[in-house]
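Here are my notes on the model you sent.

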Amino acid sequence: MTRWAMAIDLDRCTGCEACVVACHAENNIRLVGPEEAARGRAIHWLRIERYYEGEYPDVRVRFVPVLCQHCGAAPCEPVCPVYATYHTDEGLNAMVYNRCVGTRYCANNCPYSVRFFNWHAAPWPDPLQRQLNPDVAARPAGVMEKCTFCVQRIQRARQQAADEGRELRDGEVQPACAESCPTRAIVFGDLDDPDSRVARLSRSGRARRLLEELGTHPAVFYLARGARESSGEP
Amino acid sequence: MRKVLEHYARKEPLQWRKVTVLPASAMVHFTHRPHTRVGVACPVCHGEVAAMGVARRAVALDMAFCVACHEREGASVDCLTCHH
Amino acid sequence: MNPEDERLLLAPVERGSRGLRLGLVASALAAGVLCACWGYQIAHDLGVAGINRPVFWGVYITNFVFWIGISHAGTLISAILRLTGAEWRRPVTRCAEAITVFALAVGGLFPLIHLGRPWLFYWLLPLPNARGLWPNFRSPLLWDVTAIGTYFLGSSLYLFLPAIPDLAALRDRATGWRRRVYTWCALGWRGTPRQWHALENGIRVMAVLILPVAVSVHTIVSWDFAMSLQPMWHSTIFGPYFVAGAIYSGIAILVAVMAALRRGLGLGRYISETVFDNLGLLFLTMALVWAYFTFAEHLTVWYGNEPAEMAVFWERVSGRYAPAFWTMVVLNFAVPMLVLPFRRGRRPGPASLVAVGVLLGMWLERFLIIIPSLANPRLAYTVGRYVPSGVEWGITFGAFGLFVFLYHLFLRCVPAVSLWEMRAGAAAESDTSLAPEPAREGVR
Amino acid sequence: MRRRRFLQNSAAAAAAAMLHACARDEVAFIEQAVARSPHGPGESVWRGSVCQQCPAGCGVRVRLVDGDAKKLEGHPAHPVNRGGLCALGQAAVQELYHPDRLRGPWRLSRGQPSGAEPLDWEVALEELAQRLARAARSSPQGVWIGCGSVSWPAQYLWRRLAAALGLPPPVRLRSVEWEVEREAARRLFGLEDWPYFDLERADLVLSFGAPYLERWRSPVHYARALAEQRQEPRSRRGRSIHVEARLSATAAAVDRWIPVRPGGEGWLARAIARELLALGRASERAAAHYRRWFPGPDPPPESLATRCGVPQEAIAELARELAESERPLVLAGGPMAAQRHGLFHVAAALALNVLLGNLGREGGVLRPRRFDLERNLPPAPPLATLAAGLQRLRGQAPQAIVICDADPVHMLPPASGVEQALHGASFVAVMAQFLDDTALLADLCLPLHAPLERFDIVEPEAALHTAAIGVGAPLVEPLGATRHPGDIALALARALEVGEALAWPSVGALVEQVLQDLHRRTAPGGTGDFWSFYEDVLDRGGLWEERPALDGLEAAAPREPIPEPKLDRDASREPSLLLAFETHVRTAEGRGLHLPWIQQLPDLLSTVMWDSWIEMARADARRIGVRTGDRVRVSVEGQAAFEAFVVESPAAAPGVLALPLGGGQRDYGRWARERGVNPLRWLGAGEVEGVGLPAWGPVRARVEAAGPGRAALFGRGLRAPEDRPLRR
């Protein structure tokens, strides 16, 4: 069985936000203009949270790239009245746009605030629509959306592997954020394969999960900043 | 056939019309490849095109049709298989 | 109960009045605002509302909780009063039960208004479909649909059953198309002992059944919040807290409506100061219960000092929402405590003023439960803000209009005070045998 | 199958007709797709290319579906970016399909909205040729050509054209700090190029102002190098320290930020040098060099500490860390280079490398390696430096100005005189993809191909220790009637009858010739077939050496001292200091802000979207009664200047205001028009000493509240809940 997971090395992340734009380019995320953005409607499936510690002149900053954590016990899933969001066999937190009626309960119950709502339909002034990824549905107004771990890439890679009559290889599936990352801070793979890179990183002494204490069992592991020699990493 | 010849005479490409359409609003991602790979015959979805005078849509391509076949053939019925 | 009483009580139904007609038109216009705003919102998507990320729920859900809370006025109170045989209930029950039905109708609209794709609301119902998909019974929203649906059905019945004899009386007096309608509504009521017996049984059964349903409804509404992980939502006492708040706001609207009926329809003789005095005591009790829950809720959070919860706590108590919070405390606690303990304070005038204040305060309470929690999520980066838009205010205003409109319609159709119950009460008092025997026994 | 074959045939017959067909009905769509996609409609094809969003020259792979570009990814094997691609690079595909791209030549009337009229290419080129010829006849010095294109063929062909017409060489249009950093490299290392900083193998990286994780050389390359420096395959984690007046994203991402007084960077470097010399870390030769670059007497330590705003003990500690480090490395640059004493700041910092003896060593400063593309081509004089070009502009008002692929009006301070010259010239032609601030002032506007629509070669300016070029071929149909700037030069050469000097029929032919030459040189003995080599290069999107080399680098013999700032007392009575900074996507050039993906990208630290903002300390904000999101009016040196949003930052120094570069375009498409503020318009500050370019940098300013505003902030929370101070 496959269980998709991600490891993000905070010691490598420089907060360049390449992943954020890559995500937009891959997933047809709608354009939100300045007025709407000022009203809190901007959509970024992936964001770099920055937290200040201390005051000038002794300031430190922490970056945390936050995306859907694809929780093993996702609080968003049971509350959806129409099963528009549910857990797949492969550990993905699925979001089915067709099924969504827009109660936005899932978003309220997400402790990571990674779910977004289509307050309006997407405008794609011609010829901007020519860039749209044909593998990803353009969402209508009134439905939720969020990071899918680039499920379209998973499907594509799986078809490719099936065509070639083989299993998926570790590292063959890369979500857009991981592929764009200049520092290779994002690693994606199958947690059930003990030899995959992500599985090995998840066992590192530096590995933590976000708001783990809530019992959500996130599938995203964060590797803390600092030396890795004592962390038992490969 | 006369129409085809007329087009040929005018050196214009034939104006094919798509009869088997999944609207974008269905938000379905269909590819032929996985279906042909496991040997789903074309007429299952397209009807007996060879026997048609005028091509027309043979099957109501709604979700019930897809799901029924997927269940029958043991293919995935996970929503994300087609909707993403 | 003399013909004079009957004439007075039936006057709004049979003749109406200028005031009633004016009220009907004005409230219809206000309800029109709701329709216009909702239509605009459907045409231009939910984005015309002020809700955003992370405040995904705003004034619409506030209104939903508020109106569902209001609905506890009637049925619950009238059922309790009936079952405990409180005599002073007689002029109260009908208009209280009507409040329930119409508040539910208005409150039930809000989940629809708030949906991203309202035309698909039927997906929340367990209907068979070609895709073989069921709704998710684990979702508190589905519990909501079930509970509110049941409550609406039950309280409609509970309003309708005791109205049958009055409808029959109206049938007997009406002519033309009205007569046909009343005939249909009265279900062939002739006032035979068998019918009285059945009615009395029905009312008693409904009164018993409706109580747990009413309690469950607001409990489940509270679970919409309590089942989630949001700071200051995930609380075990939310069920009773919400029920207490619901009854509190329910009594408030009951007091306000009865004061209005008393004045507007000149029903002072029936809805007497005694009624207000009794209701006022109940009102005071609920004020204390509500204050107790609110205090307990905030004290435990403050003492626990959990960072994510404290962010919400401070936002309410001393931050952006502090003015609303302290207004709520004054209206819901300070004012009732200063007025209601005194007999003079429980007279219709002051009591109804307090009631209007409590209604506003309870609306703020719902707002303060929903918005600060959403605006302060666990990952503090995403702190949000929320300013309701014109459309949201329009719909909020229109909802009151719709409620008043429905109530006016009701007043034009059915007497606001139950004729036969008053008659039965009067009979019981003078111990004459005008009223049928079973009614006295059963429906006290 | 038969139907598809049939479709292919009919498509082939119709291909010519379809090329510019705008009708996108389903049939045409399918046929186009079948004709161009080898795998049939809806299938993805990946092709190599090169990114031209900045001069770094990253290799990219382009995903094409049915003839449209869908997605860009970094090329995993390209030595500049090794698979990564930054935000701006990702967004190039949105630029390609921007609805406001120029799609045909226009006659404009110098910023007047009326009188714009579309032209045919023949007419436009004819007019440009005549104007150039006339101006060249009256005075060759009266023609001023500026070139900002990162495309090597564009540069080469325009240099070649200018030479053939007897005109002065085109002027390199780059930002001021770019030129100052380059001048510092020339003076210290004798390079007419960038040195390569071997960050990956350094164990202690000290950077002065250089935003190398955001917008400096190649941020993708250096970010990767930093990540590797911290981890694989080292046994010990390397460390990084950043010196800057403001907490930039680079300062936030490295291990430690040392705030300095604005304008104190050079003095901190001098203070460290003093300690290093005292510790005896420097060789005698290096010390001698240093003394000749900075001949003035060292100010006493306490004075140095005051000037840079860093405590004496911290300076000594820093120097000790550097001295004890095995492979220390010092970088310098960024907006501080454009200050009046920018050359001093950059040179004083870079000179530490000489003292630390890391030139030409692993983990140090290396000589860059390049393919000499022009070795076997007809010679063309190099581009003139910006300083020389601006001097010529000021000396004599040019008759005709031609600008190629740059927006000098936006990216240079007004003191550069470019805008005045454009107003004064009798003819201005601008080649651009968008109607930018410079194109607005043109008489003639010639639209350019987007990079994915054209043949190109880009030499990575990042300057690596591996020689590399990026090669692009047309991968998508041009959106409109646009051209390659090099093809425009070729067409002009033919029209002006100097065709024999520029004998290539097209840029594609030039690219092919260069690749033939490289094939001969890189595959000795002519092994391998050229066409398979050519296909391979186009497919990979470039050509590069597989292994890095360690080329020696020596300090240049000092010819003249670096000018040191004199201590002038600050006479201004304005309370605050206003400085400008760069971010990942906000640069002096302003490139990328016309794209929604970039505009809506939350700034990493302030989280502002869609606008410029003023960053200030909370105490300063409270003093004038504003909070994050409110508007303030800013006046500079007593002159009312502009309005902007306030963002409070816990990292802002009291009394210092900071404003991002890049905004404030007058046009540049619907998403950039009149959005934000261009600080360069207000921050003019004399001349960069020793370089002769208009300086911009901290100026004295005053802010006052201007009412509430609606700022678009993505993350309003500054601190994690557990870090919030306890409230009682």
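1. Salt bridges between chains B and A. The count between chain B and chain A is two salt bridges. One joins B:Arg37 to A:Asp163, with the closest N and O atoms 2.4 Å apart. Keep in mind that this is a predicted model. Polar contacts between chain B and chain A come to 14 residue pairs, both residues at pLDDT 80 or more. On the side of chain B that touches chain A, five residues are nonpolar, four are polar and three are charged.

2. Extent of the B–A contact. Chain B brings twelve residues to the contact, and chain A brings 20 residues. Together the two chains bury about 1,400 Å². Carbon and sulfur atoms hold 57% of that area. Which three residues lead on the chain B side? They are B:Met27, B:Leu80 and B:His84. This trio supplies 47% of the area that chain B buries against chain A, more than any other three residues.

3. Chain B by itself. Chain B has four helices and zero strands. Along the sequence the pattern reads α-α-α-α. The chain has 84 residues, and 18% of them count as buried. Take the contacts in chain B with a separation of 6 or more: residues 24 or more positions apart account for 40% of them. Chain B exposes about 6,200 Å², and carbon and sulfur atoms supply 62% of that.

4. Extent of the A–D contact. The size of an interface is often given as the accessible area lost when the parts come together. For chain A and chain D, the buried area is about 6,100 Å². Carbon and sulfur atoms give 55% of it. A:Tyr52, A:Tyr56 and A:Arg130 supply 14% of the area that chain A buries against chain D, more than any other three residues. The contact draws 66 residues from chain A and 80 residues from chain D.

5. How many salt bridges cross the interface of chain A and chain D? The rule finds nine. One of them pairs D:Asp68 with A:Arg130, at 2.8 Å between the closest N and O atoms. A:Arg130 is also among the three residues that lead the area chain A buries against chain D. The interface of chain A and chain D also has 31 residue pairs in polar contact, both at pLDDT 80 or more.

6. What chain A presents to chain D. Several elements of chain A each supply at least two residues to this side, including helix H2 (34-38), strand S2 (47-53), strand S3 (60-66) and helix H5 (151-163). H1(A) gives the most, with seven residues. By class, this side of chain A has 30 nonpolar, eleven polar and 25 charged residues.

7. D:Arg224. This residue is found in helix H8 (residues 219-230) of chain D. Is D:Arg224 buried or exposed? D:Arg224 is buried, because its relative accessible area is 14% and the cut-off is under 20%. Beyond its neighbours within four places in sequence, D:Arg224 is in contact with A:Arg12, A:Pro182, A:Thr183, A:Arg184 and D:Arg82. Its side chain also makes a polar contact of 2.7 Å with the side chain of D:Glu228.

8. Salt bridges within chain A. A:Glu36 and A:Arg41 form a salt bridge, with the closest N and O atoms 3.0 Å apart. A:Glu36 counts as buried at 14% relative accessibility. A:Arg41 counts as buried at 1%. A:Arg62 and A:Glu53 also meet in a salt bridge, at 2.6 Å from N to O. Here A:Arg62 counts as partly exposed at 30% relative accessibility. A:Glu53 counts as partly exposed at 28%.

9. C:Asp166 forms a salt bridge with C:Arg94, at 3.1 Å between the closest N and O atoms. C:Asp166 lies in helix H7 (residues 164-173) of chain C and C:Arg94 in helix H5 (residues 93-114), so the pair ties together parts that are 72 residues apart in sequence. C:Asp166 counts as buried at 1% relative accessibility, and C:Arg94 counts as buried at 1%. Salt bridges that share partners also join A:Glu26, A:Arg153, A:Glu179, D:Arg61, D:Lys71 and D:Glu73 into one network. Over all chains, a search of the whole structure finds 89 salt bridges.

How values were computed. Residues numbered from 1 in each chain as written. Chains lettered and ligands numbered in written order. Predicted model: local features only at pLDDT ≥ 70, side-chain atom pairs only at ≥ 80, totals over all residues. Heavy atoms only, no water. Contact = heavy atoms within 4.5 Å. Buried area = accessible area lost by both parts, 1.4 Å probe. Salt bridge = Lys/Arg side-chain N within 4 Å of Asp/Glu carboxyl O. Polar contact = N/O pair within 3.5 Å; in protein donor to acceptor, adjacent residues only side chain to side chain. Nonpolar A, V, L, I, M, F, W, Y, C, P; charged D, E, K, R; others polar. Buried < 20%, exposed > 50% of the residue type's maximum accessible area, 1.4 Å probe, protein only. Areas by Shrake-Rupley, 256 points an atom, 1.4 Å probe, with all protein chains shown as cover.
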